[in-house]
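Hello,

Here is the structure I promised to pass on to you. Have a look at it first, and then read on for my notes.

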Amino acid sequence: MTQLDINSEIVKVINDSPVTIFIWKPEEGWPVEFVSENIRQFGYSPEDFLSGRLKYDDIIHPDDIENVRREVAEYSETGVDNFIQEYRILTASGEVRFIDDRTIVRRDEEGNIRLYEGIVLDISQRKLSETIIDCRNQVLEALASGATLDDVLMRLVRSTERIVPEAISFVMLLDKEKKHLVHAISSHLPHFYKKAIEGLPIGEGIGSCSTAVHTGKRVVVEDIMEHPYWDDLKELASKAGLRASCCEPIISSNNEVFGTFGMYFPEPHNPTKEEIDILKANANLAAIAINNKRVLDDAIESEQKLKVVLNNINDQIYISSLTGRLIAVNQAVVDALGYSRSEMLNTCPSDIVPSKDVRRVSKLMRDIETDGRAIYEAEAIHRDGRKIPLEVSARFMIYDGKKTILSVARDISERKKAEKIRDLEGERLEALVKLNSMAGASLNEITDFAREEAVRLTESSLGYLAFMNADETALIMHSWSKSAMRECGIKDKRFVYPIKTTGLWGEAVRQRKPIITNDYSLPSPTKKGYPEDHVKLTRHMNIPIFDGDHIVAVAGVGNKSEDYDGSDLRQLTLLMQGMWNLIQRKQIEDALKQYSDELKLANEELRSISRMKTEFITERLEDIYSPELSECSILDDEMIMSIDEQQAKAIDSVLINSARLKRLVNSLLYMSQEQAGKIVYTFSRAHVDKLISEALMNLILLIDEKGIDLEVNVPEGLPAIISDKDKLTQTLIILIDNAIKFTPEGGRINIDASEESDHLHLRISDTGPGIQKDLIPHIFQKFYQMEDSMSRMYQGLESGLYICKDIILAHKGYIWIESEKGKGTTFHIKLPIDVVEDDSPNLSKREMIK
């Protein structure tokens, strides 16, 4: 078919219509066989195509050509006889037009494609309208979704550039004072250019934008380089590559100018009607966006101010219907109860109020409606189940046209906690006072009271008390609390726990400090598991009980409903240390009573012997004057001598026990002063031989009583030492007294001294039973237990070896023991020598407070 094959009448109709007819071959580039005359509306002539100089795909927009080819191929291969496409073409002048192409596929008898017939309709104006409508919809959607004003205006700028791709679109806004252009919004303007024009003053003749804003009218500059408005800005525009501009003022419905919407072109340009329409439409959209955003911002700002106030109030604010359903809450409610705001607004009183308070709160709601207000205390249930005490002030109000109740609730957890702590501290003080008054109670009564009070006052579910053995290698479980005994399924609850192998319970001894474990379920390398049927632990706290630097016991509590804290630790420590002090005091009193009783018995024996001697002598005197018995027999003399001997032994016993009682009292006074930090040392020069002699004078009766062979070897001329004479003499008395105590009758004690370098070395040896090696490191402890039982725990108190060590250390000396089972014991003391020129009586005095 050729151009002449078309009926002339049909051709005339086609040429008078807006559509253009194309017929092209299914060959590369789609060569044109026919095109209607109205192709000229796009700036082409039919000859341009029929001559072969142009093919159909030469006028398709480069960005659309691949898509058009793909769709034509797909439709053709599937046997479709006609199809519709929308794409862009280029006019002869390079202008972009949108077209609707309805293509008919002509096939031969065998189904092969012979020709394509295309009916092309220019839909550029429709596309423009659709684009403007799309832009409007995008702006409205962006506003509805809460997008920022910058985001909305940037969308308008980019949509303009999509329609007019050769233009650079932009928006400039007025400042609050409406005197300067600020905030240039554009995706393609150079940064330096935007920075230069931001702050440009408003006025006629100051560029296109300032003039448009100042006059309120559109300003079109076809050639920036030739226009007087740009005299001062030509160099800047040239550097940015700008040659033409078109600026439309952005004006609100009440004629308020917000700024300008504009387009720049890289070449001199007179904008088309379509470009002006786009500019006007987008300027109007920008005005709507700015106005709506400002109204919304004002409302939001007002609402935000109120929200900021309400949400920064620490008190919880509830607005509820008269039925109790929540209508609104502030952030404090969300934070305090752990629910989201939406979850809170779907709750009823029964959801957040304990069941025991539901009826009371419902009645309060009715009372508030009647009386107008009420103040009460209640509890709210946290999402995790915790109950939060509240003080509520509620009143009736109209909210959003409805009857509601406004409740302002204050979390009084801290107040309740403080009240609880205050009450608990009072109970704790009472417990300590009561414990201090239990001196007449038995040891078990004291330990039971301290243990049970520790459980109660730390709000625990169980507790225990274990005593340490002599060498701190094992804990001997003394007793469990009554609650633990009820829960525990183990029948025999007395255990020995070796420190090296026991689990978390032993940490207080190993680390020598209190241990708090607030999550007992967490894995730990020190956990050893439970014995079968043992009560399960959730939380645990235990403390070592010290006597000086020696751990004597461990006390623990467990399964408090909340975490253990410093207050619990302090209470357990005070209670258990008070228990230990009371036990010490009781043992001291028992020791004093024992020696007092022994002394009383000795005195009674002495008085009895004295009475017997007096009666015997009186009888013999009467006999002298009797005529029948004028002569005394030798038997009488022997009787008097026997009575004198018994009386002498009784006197020795009184003296010995008196001396022992005195030493015990002195030891107790020393330890009492040490505990109070009031030990005072007064140092002067002394000679060790005199100190030894004075010590032996206090013990000579004991030595004679046991028939002990005493050897003292102190060479003459030994150098002097600096010492507190009374305290060092007391040390020697204690050490020699111990040697006497453990030396059998007829045994031997050796005391010798020698000079070694800058020290005097003093040795006190006995032939007693000796001490087993594993006990030697612990023999200088304040309260050394000879057996692992409560009844023998305090034996050896009167030995005072702890005092000896304390005194020797204060003299900057050393004390130690050498002993072997069955071969006696030797105490060694080394004291520094006082280096002086002569034996002049100049004394150096020092005082040391321990």
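**What I found**

Strand β15 (residues 387-399) and strand β16 (residues 402-411) run antiparallel to each other and are joined by 10 bridges. One of the pairs across them is Tyr-399 with Lys-402, the latter in β16. Please keep in mind as you browse that this is a predicted model.

These two strands belong to an open sheet of 5 strands, in the order β13-β12-β16-β15-β14, with antiparallel pairing. The edges are taken by β13 (326-329) and β14 (373-381); each has a single partner strand, so one side of each has no neighbour in the sheet. From one strand to the next, the twist averages 30 degrees.

Two helices go with this sheet. Helix α13 (residues 355-371) lies across β12 (316-321), β14, β15 and β16, and runs at about 155 degrees to β14. Helix α14 (residues 413-436) also packs on the sheet, where it touches β14, β15 and β16. The direction of α14 makes about 145 degrees with that of β15.

**A valine to click on**

Val-334 is part of helix α10 (residues 331-337). Is Val-334 buried or exposed? Its relative accessibility is 13%, so Val-334 counts as buried, the cut-off being under 20%. Leaving aside neighbours within four places in sequence, the contacts of Val-334 are Val-329, Tyr-339, Ser-340 and Arg-341.

**A covered helix and its strands**

The buried residues are Gly-207, Ser-208, Cys-209, Ser-210, Thr-211, Ala-212 and Val-213. What covers them includes β6 (168-174), β7 (180-185), β8 (200-201), β9, β10 and β11. After α7 comes Gly-216, which has a positive phi near 75 degrees.

One of those covering strands, β10 (residues 244-251), is itself mostly covered: 7 of its 8 residues are buried. Strand β9 (residues 219-221) is joined to β10 by 3 bridges and runs antiparallel to it. Here Val-220 stands opposite Cys-246 in β10. Strand β11 (residues 257-265) also runs antiparallel to β10, with 8 bridges between them, and Pro-249 stands opposite Thr-260 in β11. Together β10 and β11 make a hairpin, with 5 residues between the two strands.

**Two asparagines with positive phi**

Most residues other than glycine have a negative phi. With that in mind, Asn-255 and Asn-559 are worth a look. Asn-255 sits in the loop between β10 and β11, and its phi is positive, near 65 degrees. Asn-559 is in the loop between β22 (550-558) and α18 (566-624), and phi of Asn-559 is likewise positive, near 65 degrees.

In soluble globular proteins, nonpolar side chains tend to be buried together. The largest nonpolar core here has 49 residues, and those with the most contacts inside it are Leu-732, Leu-735, Ile-736, Ile-740, Ile-751, Leu-762 and Ile-829. Helix α22 (residues 725-742) gives the most to this core, with 8 residues. Beyond its neighbours within four places in sequence, Ile-736 is in contact with Ala-695, Leu-696, Leu-699, Ile-751 and Ile-764. Another core, of 35 residues, lies apart from this one; Leu-149, Leu-279, Ala-281 and Ala-287 are among its members.

As for α22 itself, 14 of its 18 residues are buried. From first C-alpha to last, α22 reaches 26 Å, close to the 26 Å expected at 1.5 Å a residue.

**The chain as a whole**

The secondary structure comes to 23 helices and 31 strands. Of the chain's 850 residues, 46% count as buried. Among contacts between residues at least 6 apart in sequence, 60% join residues at least 24 apart. The accessible surface is about 45000 Å², and 52% of that belongs to carbon and sulfur atoms.

Technical notes: Residues are numbered from 1 along each chain as its sequence is written. This is a predicted model: local features need pLDDT of at least 70, side-chain atom pairs count only at pLDDT 80 or more; totals for chains, interfaces and linings use all residues. Side-chain values use heavy atoms; hydrogens and water are left out. Two strands pair if DSSP finds at least two bridges between them. Helices (H or I, at least four residues) and strands (E, at least two) are DSSP runs, numbered from the N terminus. Axes are lines fitted to C-alpha atoms, for helices over the stretch in contact, and angles run from 0 to 180 degrees between N-to-C directions. Contact means heavy atoms within 4.5 Å. Buried means under 20% relative accessible area, exposed over 50%, partly exposed in between (1.4 Å probe, protein chains only). A nonpolar core is a set of buried Ala, Val, Leu, Ile, Met, Phe, Trp, Tyr and Cys residues joined through side-chain atoms within 4.5 Å. The expected span of a helix is 1.5 Å times one less than its number of residues. Accessible areas come from the Shrake-Rupley method with a 1.4 Å probe; for residues, only the protein chains shown count as cover.
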